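This report describes side-chain contacts that link parts of a protein chain. Please consult the sequence and the structure shown below while reading.

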Amino acid sequence: MTFQNAPLDLLDNGKDTERYRFQISRTKTVNMTGTIGNSRGNFECDYGATNLQAYLYTKMQRTYPDDTIMVPNVPNTLWPYGRQNHVVNSSSLADLDIAVRVEQAVGGGENVPSCIRSSGERVSSGIRAQDAGDLCSCLYKNWTPERAS
């Protein structure tokens, strides 16, 4: 999902939980290889009206993933990584070493997702969509709250 010029809101100004928040709604495209319905192959699936909401914490460092965590035989690219940088207009969240929380959500319904094969043919048979009232969501967070003592 690509975007630019999303308005930022500053929340909890001056507090330890100070953060910027932005929210956008876009079609999210997911490329996959496997089986969808009765079809096997390479697919591109669009999830219309996907809501993306992100928080960039100005006074919290990321605590996860720990740089020492490695899974054998799997590329382990840290995100976010790199230098400490509290500039919110950074070209990429990957340049930030601050705590972030990113949430994505999309409602189910007819043609969610809408998928096509790599050949351009629409996949219509065998896809079982979520009910229109159901929400599919994902959460990424690179920090863990401190435990109360």
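## Basis of the description

A residue is called buried when its relative accessible area is under 20%, exposed when that area is over 50%, and partly exposed in between, with a 1.4 Å probe and protein chains only. The model is predicted, so local features need pLDDT of at least 70 and side-chain atom pairs count only at pLDDT 80 or more, whereas totals for chains, interfaces and linings use all residues. Residues are numbered from 1 along each chain as its sequence is written, and side-chain values use heavy atoms, with hydrogens and water left out.

Secondary-structure elements are DSSP runs numbered from the N terminus: helices are H or I runs of at least four residues, and strands are E runs of at least two.

## Salt bridges

Side chains of opposite charge can pair when their charged atoms come close. A salt bridge is defined here as a side-chain nitrogen of Lys or Arg within 4 Å of a carboxyl oxygen of Asp or Glu. The structure holds four such bridges, among them the contact of Asp12 with Arg19, at 2.6 Å from N to O. Arg19 is buried, with a relative accessible area of 17%, while Asp12 is partly exposed at 30%.

Another of the bridges is formed by Arg21 and Asp9, whose closest N and O atoms are 3.7 Å apart. This pair links distant parts of the chain, with Arg21 in strand β2 (residues 19-36) and Asp9 in strand β1 (residues 9-11), 12 residues apart. Arg21 counts as buried at 17% relative accessibility, and Asp9 as partly exposed at 38%. A further bridge joins Arg101 to Glu103, with 2.5 Å between the closest N and O atoms. Arg101 is partly exposed, at 23% relative accessible area, and Glu103 is also partly exposed, at 21%.

## The disulfide and other cysteines

A disulfide is a pair of cysteine sulfur atoms within 2.5 Å. A search of the whole structure finds one; the disulfide joins Cys45 to Cys115, with an S to S distance of 2.1 Å. The link of Cys45 and Cys115 is right-handed, with 115° about the S-S bond. Because Cys45 lies in strand β3 (residues 39-61) and Cys115 in strand β5 (residues 114-117), the pair ties together parts that are 70 residues apart in sequence. Both Cys45 and Cys115 are buried.

Cys138 is accordingly in no disulfide. Cys136 is partly exposed, with a relative accessible area of 36%, and Cys138 is partly exposed at 47%.

## Contacts of the aromatic rings

Rings of Phe, Tyr and Trp (its six-membered ring) pair if their centres lie within 6.5 Å; planes under 30 degrees apart count as stacked, over 60 as edge-to-face and the rest as tilted. The structure holds one aromatic pair. Tyr57 and Trp143 form this edge-to-face pair, at 5.4 Å centre to centre and with 70° between the planes. Tyr57 lies in strand β3 and Trp143 in the segment after β7 (135-141), so the pair ties together parts that are 86 residues apart in sequence. Tyr57 and Trp143 are both buried.

A charge sits over a ring if NZ of Lys or CZ of Arg is within 6 Å of the ring centre and within 35 degrees of the ring normal. Lys141 lies over the face of Trp143, at 4.4 Å from the ring centre.
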